[in-house]
Amino acid sequence: MVDIWQNAMDHAVTIARRAGEVVREALHEDRKVMTKSSSVDLVTQTDQKVEQLIIQSVKEKFPTHRFIGEESVAAGEVCELTDSPTWIIDPIDGTTNFVHTFPFVAVSIGFSVNKQSEFGVVYSCLEDKMFTARRGRGAFCNDQPLSVSDQEDIKQSVIATEFGSSRDPEAVNNIFTSLRNIVSLPIHGVRGAGSAAINLCLVASGCVEAYYEIGIHVWDIAAGSLIVTEAGGILLDVEGGPVDLMSRRILAANNTTIADRLIREIQSFSPPRDDEEVTQ
Ligand SMILES: Nc1ncnc2c1ncn2[C@@H]1O[C@H](CO)[C@@H](O)[C@H]1OP(=O)(O)O
Ligand SMILES: [Mg+2]
Ligand SMILES: [Mg+2]
């Protein structure tokens with residue numbers, strides 16, 4: 001059967017690889033660091049350059065498609081997901097890592113039609129790992145099929161999460177309450193790559209049983225979330241309802257047993273939605 005989005009997916013892989021080369025080269029240059037929502041929410045000229053590179057090249061090939069890009073939204077574009085084919089781009093996921101040369105930095109490209117994810121591409125550019133998923137056709141890393149862990153015992157699990165970029169005392173308190181609860185279950189360990197996209201790929205690869213975070217944005221998780229489900233994992237809201245990629249909250253897990261156990265321990269809170277201005 002002909003896959004009408006195969007061309008677009010092939011292009012996403014090509015452009016993610018090219019973007020990754022730009023990111024790798026920029027690591028050898030001076031990185032001028034600017035801030036966005038807070039003093040720890042970092043952006044560099046490479047983030048902006050890579051996003052433009054991706055958007056321009058997609059526009060040439062697919063002139064009717066729409067975009068949600070992290071740096072375009074930061075520059076004032078609306079974050080609105082319609083039924084149109086939409087590319088959801090995080091040019092550098094893990095900018096803090098990039099700035100500090102901590103070696104987990106990804107280019108993340110998701111693609112949705114009728115608000116449904118069709119494909120996701122996450123290129124972990126310092127590891128040279130190309131993670132891909134096409135809806136209904138599985139998830140792969142460098143063309144090798146991925147599957148989630150089959151662990152059902154939370155006490156035998158490793159869980160990924162992040163401290164995020166909010167330093168609001170209440171948010172920090174909630175994050176630490178959840179962490180204390182989960183570490184004390186006890187579990188084998190907590191990890192965080194510093195990139196939401198790579199954390200999702202770690203779930204898909206079976207390296208961690210689950211990843212949860214409150215405060216991420218749609219561009220952090222659009223691609224990686226499909227990679228998780230195509231690797232056999234599940235996505236939920238941190239309170240257990242259906243996942244909503246605009247809600248700034250995600251729980252990705254290998255199975256419902258692990259997810260349900262974590263939901264009982266996570267102290268949830270609700271940052272402003274990504275599409276808040278649109279829905280108001
Ligand atoms: N100081 C910070 N520490 C960790 N993550 C941060 C952060 N500032 C922004 N983030 C973003 O939050 C996500 C999850 O923590 C990361 O993938 C990262 O995406 P970014 O690098 O594209 O901004
Ligand atoms: Mg990001
Ligand atoms: Mg980014």
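Modeller: Strand β4 gives the most to the shell around ligand 1, with 3 residues. This is a predicted model, and what follows should be read with that in mind. Strand β4 spans residues 86–93, and helix α4 spans 95–100; each of the two supplies at least two residues of the shell. In total, 17 residues surround ligand 1, and the closest are V40, D93, G94, T95 and E213. Sorted by kind, the shell holds 4 nonpolar, 6 polar and 7 charged residues. The shell also draws on two domains: domain 1 (6–145) and domain 2 (154–263) each contribute at least three residues.

Next come the individual contacts with the ligand. At V40, a backbone N or O atom lies 2.7 Å from a nitrogen atom of ligand 1. At I92, a polar backbone atom is 3.0 Å from an oxygen atom of the ligand. At E70 the side chain takes part: one of its polar atoms lies 3.1 Å from an oxygen atom of ligand 1. Taken alone, the ligand exposes 460 Å², and the protein buries 91% of that.

The unreviewed UniProt entry lists E70 and I92 under "binding site". They are spread over 23 residues of sequence, yet they cluster in space, with a largest C-alpha distance of 9.1 Å. E70 sits in helix α3, which covers residues 70–74. Is E70 buried or exposed? Its relative accessibility is 11%, so E70 counts as buried, the cut-off for buried being under 20%.

Under "binding site", the unreviewed UniProt entry lists D90, D93 and D220. Their positions spread over 131 residues of sequence, but in space they cluster, and the largest C-alpha distance is 6.6 Å. D90 belongs to strand β4, the strand that gives the most to the ligand shell. D90 has a relative accessible area of 0%, and therefore it is buried. D93, for its part, is among the residues closest to ligand 1.

The side chains of S195 and D93 are joined by a polar contact of 2.7 Å. S195 is found in the loop between β11 (189–191) and α6. Because its relative accessibility is 1%, S195 counts as buried.

E209 is buried, because its relative accessible area is 8%. Helix α6 itself contains A204. With a relative accessible area of 0%, A204 is buried. The C-alpha atoms of A204 and F119 are separated by 15 Å, and these two residues are 85 apart along the chain.

A few points of backbone geometry complete the account. Most residues other than glycine have a negative phi, and most peptide bonds are trans. The peptide bond from L185 to P186 is cis, with omega near -5°. P186 lies in the loop between α5 (169–183) and β11.

T101 is not a glycine, and its phi is positive, near 55°. This residue is in the loop between α4 and β5 (106–113); helix α4 is one of the elements that supply residues to the shell around ligand 1. With a relative accessible area of 46%, T101 is partly exposed.

R248 is not a glycine either, and it has a positive phi of about 70°. Its place is in the loop between β13 (234–236) and β14 (249–253). What makes R248 count as buried? Its relative accessible area is 13%, which means that R248 is buried.

To return to the ligand: the protein buries 91% of the area that ligand 1 exposes when taken alone, and both domains supply residues to its shell.

Terms used:
Residues are numbered from 1 along each chain as its sequence is written. Chains are lettered from A and ligands numbered from 1 in the order in which they are written. This is a predicted model: local features need pLDDT of at least 70, side-chain atom pairs count only at pLDDT 80 or more; totals for chains, interfaces and linings use all residues. Side-chain values use heavy atoms; hydrogens and water are left out. A residue is near a molecule or strand if one of its heavy atoms lies within 4 Å of it. A polar contact is a pair of N or O atoms within 3.5 Å; within protein, one must be able to donate a hydrogen and the other to accept it, and residues adjacent in sequence count only if both atoms are side-chain atoms. Accessible areas come from the Shrake-Rupley method with a 1.4 Å probe; for residues, only the protein chains shown count as cover. Helices (H or I, at least four residues) and strands (E, at least two) are DSSP runs, numbered from the N terminus. Ala, Val, Leu, Ile, Met, Phe, Trp, Tyr, Cys and Pro count as nonpolar, Asp, Glu, Lys and Arg as charged, and the others, Gly among them, as polar. Domain bounds come from an automatic or database domain assignment. UniProt positions are given in the numbering used here, feature names are shortened, and annotations may be inferred rather than shown by experiment. Buried means under 20% relative accessible area, exposed over 50%, partly exposed in between (1.4 Å probe, protein chains only).
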